[in-house]
Amino acid sequence: MPDPLELLEEGRRAEKLGILNRALEAYEDAAKASDDPSIIAEALVHQADVHRACCEWDDAITCARDAQVIAVTSGLEDRHAEALNAEAVVHMARGDFAAATPLLEELLRSAADVRLRGIALQNLGTTRAQQGQLAAAEQAFAESYSCFLSCGYERGQAIALNNQGRVALDRGDRDLAERVLLQALHAAREVDDTELIGITMVNVAEAILPRDALRAESFACSALGHFQHSRNTWRMIEALRLLGSVHEHRGNVGEAGRCYERALGMATEIGAKVEVTALQGCIHRLGSATRAR
């Protein structure tokens, strides 16, 4: 009988490298190989994360909710908190903040573990930022970063830095955003997290685009390569949108339009509401600019 703990570790290694099909297989095998509710719940949470990365929303929610049931039945508070978060981030990915927020608030109320509190704050900050509540988002990210520092969670620190840089970018402070995001990119590389490296590259590219379009294109292409390798459609959409912005900035209207249209098709297919709205805006802006010439 295979060791479920070894299978979990194998899954984590594969997920970190973006080999999501192998990661999912390892997590499924870990759940089957164990009769320990804690291990089964953890394996289900990881399965939910992989399904989310592959934009398999319904499967992700099913795994997260199965983990919640097992955790509650067995009195596993931390596992329940992890499962709540796993479901919440699926709703966030789909742009359904009304469904995500109550789960994150419940997690924040119930989690005694500092790392889990930091994760809840990080995701609450993200929902607030995406709804334009930038001051509230900044506060949540700062509190989250403090939680991650206090417990030595390095990946969380890298995520928090990326999000802080993103908020600075949304506020229009590109210089601050670039400094923080380059720090975040270094931290993401230190923890060797492929998805986080790609996410941060997209944000760095957007921060430097007005002054260095060539370098921005290089970052965006590298990020797209990361996401294509892992079949992460949701993140591919972000990278394509940014590539469209690069082409638009350089006056390559046709290429910009193709990037936006491809990304919009993908966003529509997976039901990513926030991305659909953003890309429709990009296409409308591009069309208006073209007609004005």
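**Helices, rings and one alanine**

Hi everyone, let's start with two helices: H9, residues 154–170, packs with H11, residues 194–208, at an angle of about 20°, and their axes are 10 Å apart. Before I go on, please keep in mind that this is a predicted model.

How do H9 and H11 run relative to each other, roughly parallel or roughly antiparallel? Angles under 35 degrees count as roughly parallel, so H9 and H11 are roughly parallel. The crossing of H9 past H11 is left-handed. On the H9 side, the contact involves Arg155, Ala158, Ile159, Asn162, Arg166 and Leu169. H11 brings Leu196, Ile199, Thr200, Asn203, Glu206 and Ala207 to that contact.

Now for the rings. A pair of aromatic rings is described by how far apart the centres are and by the angle of the planes. Here the count is 1 aromatic pair. The ring centres of Phe148 and Tyr153 lie 5.2 Å apart with the planes at 75°, so this pair is edge-to-face. Phe148 is buried, at 2% relative accessibility. Tyr153 also has Arg115, whose charged end sits over the Tyr153 ring, 5.5 Å from the centre. Elsewhere, Arg235 lies over the face of Trp234, 4.2 Å from the ring centre.

Last stop, Ala14, which is in helix H1, residues 4–16. Is Ala14 buried or exposed? With a relative accessible area of 7%, Ala14 is buried. Leaving out residues up to four places away in sequence, Ala14 touches Ile19, Arg22 and Ala23. And from Ala14 to Ala184 there are 170 residues in sequence, and 22 Å in space from C-alpha to C-alpha.

Terms used: Residues are numbered from 1 along each chain as its sequence is written. This is a predicted model: local features need pLDDT of at least 70, side-chain atom pairs count only at pLDDT 80 or more; totals for chains, interfaces and linings use all residues. Side-chain values use heavy atoms; hydrogens and water are left out. Rings of Phe, Tyr and Trp (its six-membered ring) pair if their centres lie within 6.5 Å; planes under 30 degrees apart count as stacked, over 60 as edge-to-face and the rest as tilted. Buried means under 20% relative accessible area, exposed over 50%, partly exposed in between (1.4 Å probe, protein chains only). A charge sits over a ring if NZ of Lys or CZ of Arg is within 6 Å of the ring centre and within 35 degrees of the ring normal. Axes are lines fitted to C-alpha atoms, for helices over the stretch in contact, and angles run from 0 to 180 degrees between N-to-C directions. Helices (H or I, at least four residues) and strands (E, at least two) are DSSP runs, numbered from the N terminus. Angles under 35 degrees count as roughly parallel, over 145 as roughly antiparallel, 65 to 115 as roughly perpendicular and the rest as oblique. A crossing is left-handed if the near helix is turned anticlockwise from the far one by less than a right angle, and right-handed if clockwise. Contact means heavy atoms within 4.5 Å.
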